[in-house]
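The sequence and structure are shown first.

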Amino acid sequence: MSSNRVSPASYSVYAPLRYEATRPFSVRVGEQYVRYSKLGLHERNHHLIHDIAPAMRKAMKVAGKPLGENAVLSEVNNMLAFGEFLKGGRVIYDFHKKLTSALLSTDVEEMPVSSLPKPEESLYIHFGSIESNTGEYDNLEGAFVSWRNIPGENETINIALVSKNQFAKSYYWLDESLEICTGSMFDVSDKSCNIIDCLQKSVDLVKRNHIEDNRELEAKYLAETGHKISLSDDVDYPHLEEMKNGAKLVVKCLLFLSAVTDDIYEDWDDRAPKELVHQAKTAEKEGSRRTAERTLSNRDYLKVRFIGKKYALSVEQSSHHEQGKKKVTHMRRGHFRNQPYGPERCFRKVVFIPPMVINPDSGEELGRIYEA
């Protein structure tokens, strides 16, 4: 993987590309992380402590005086997510905002962990402009997602949620918010467990770990000073709910990728020169198209996988937009189904049944079933 990259614009719609633009050290340090992580967990952790953290301090000191050690630690955490993104080949899935809105109104309570696909070793999901009625997702833009399956340890899905316009500031090291991702790790080793229970168990584990850490700190303080202190066991519950809700949206996106394989197309990322993209798509001679594509790739532009365009068109063309249609009464929530099929129904496939507009007066239902 080359480190001689064309710096992407800091106003890119995609958070990983903004990270590359505003952190000059991102690719160099990220590639080092990739190399060490392939050597094993011990080498990876040793590298984090003895190489990445000092590299962050040095880079941020060159940029300007950071706001203490927390700024460095925040960037180390961000680098873990970005390093996994590099390790997986810089794959971006861009979900259409109408599809994202539909997924917010879709249930996954009955889906087992075994139904979750693993399309890549790691990837970034862009949620688009989320349109939610509650507002709880309004600040959520996307998520870094990676899988970890180390012998002797439980398999986990690691999710790092990204807020809107995160990583867009070139003076990140002076930002008191520190732009840190909301990280979470979900144990998916029990394949029979349903997805919602799996997410809740991981949230409960965060709470238990917080309480255990407090007890250790209290004991340590007592041993060192002879004075007793009492630390609050309250956890930032809004933060935990944000973590769980964001993770739930991530797994819905993954389930959609499993259920629908014909609603994906690739196009160049938003940094690519329009004239070169036009040539790669429409040049009369095949050789000219190939040359333009090679040029784009050599300049390190990415092909993004766009998801849900067909679904969005089906929503726009649905009959509730036709003249003469009676007033819609309500929306039925969508859901995923782990449907049996094959000889003696011994196999399973993920089926997506999207939210439907119901008009009981006409008896018509809008929507279609998507099967893997």
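## Cavity lining

The lining of the largest cavity consists, by class, of ten nonpolar, no polar and no charged residues. In this classification Ala, Val, Leu, Ile, Met, Phe, Trp, Tyr, Cys and Pro count as nonpolar, Asp, Glu, Lys and Arg as charged, and the others, Gly among them, as polar. The lining residues are Val-113, Leu-116, Ile-157, Ile-159, Phe-186, Val-188, Ile-195, Cys-198, Leu-199 and Val-251. Two or more of them come from each of β5 (156-163) and α6 (195-225), and α6 gives the largest share, three residues. Helices (H or I, at least four residues) and strands (E, at least two) are DSSP runs numbered from the N terminus.

The largest cavity holds about 50 Å³ of space, and the count comes to two cavities of 30 Å³ or more. A cavity is a set of points, on a 1 Å grid over the protein atoms alone, where a 1.4 Å probe fits but cannot get out; lining residues have an atom within 4 Å of a point. Grid points are joined across faces, edges and corners, and a volume is the space filled by probe spheres set on the points.

## Basis of the model

The model is predicted: local features need pLDDT of at least 70, side-chain atom pairs count only at pLDDT 80 or more, and totals for chains, interfaces and linings use all residues. Residues are numbered from 1 along each chain as its sequence is written, and side-chain values use heavy atoms, with hydrogens and water left out.

## Aromatic contacts

There are eleven aromatic pairs in the structure, a pair being rings of Phe, Tyr or Trp (its six-membered ring) with centres within 6.5 Å; planes under 30 degrees apart count as stacked, over 60 as edge-to-face and the rest as tilted. One of these, Tyr-19 with Phe-82, is tilted, at 4.9 Å centre to centre and 35° between the planes. Tyr-19 lies in helix α1 (residues 15-22) and Phe-82 in helix α4 (residues 69-87), 63 residues apart. Ring pairs join both to Phe-85, Tyr-124, Phe-144 and Phe-167 in a cluster.

Tyr-19 and Phe-82 are both buried (under 20% relative accessible area; exposed is over 50% and partly exposed in between, with a 1.4 Å probe and protein chains only).

## Positive phi angles

Asn-165 is not a glycine, yet has a positive phi of about 65°. Asn-165 lies in the loop between β5 and β6 (182-187) and is exposed, at 56% relative accessibility.

Asp-300, also not a glycine, has a positive phi of about 75°. Its loop runs between α9 (286-298) and β8 (303-307), and Asp-300 is buried, with a relative accessible area of 16%.

Terms used:
1 Å grid on protein atoms, 1.4 Å probe; cavity = no way out; pocket = protein on both sides within 12 Å on 5 of 7 lines; lining within 4 Å.
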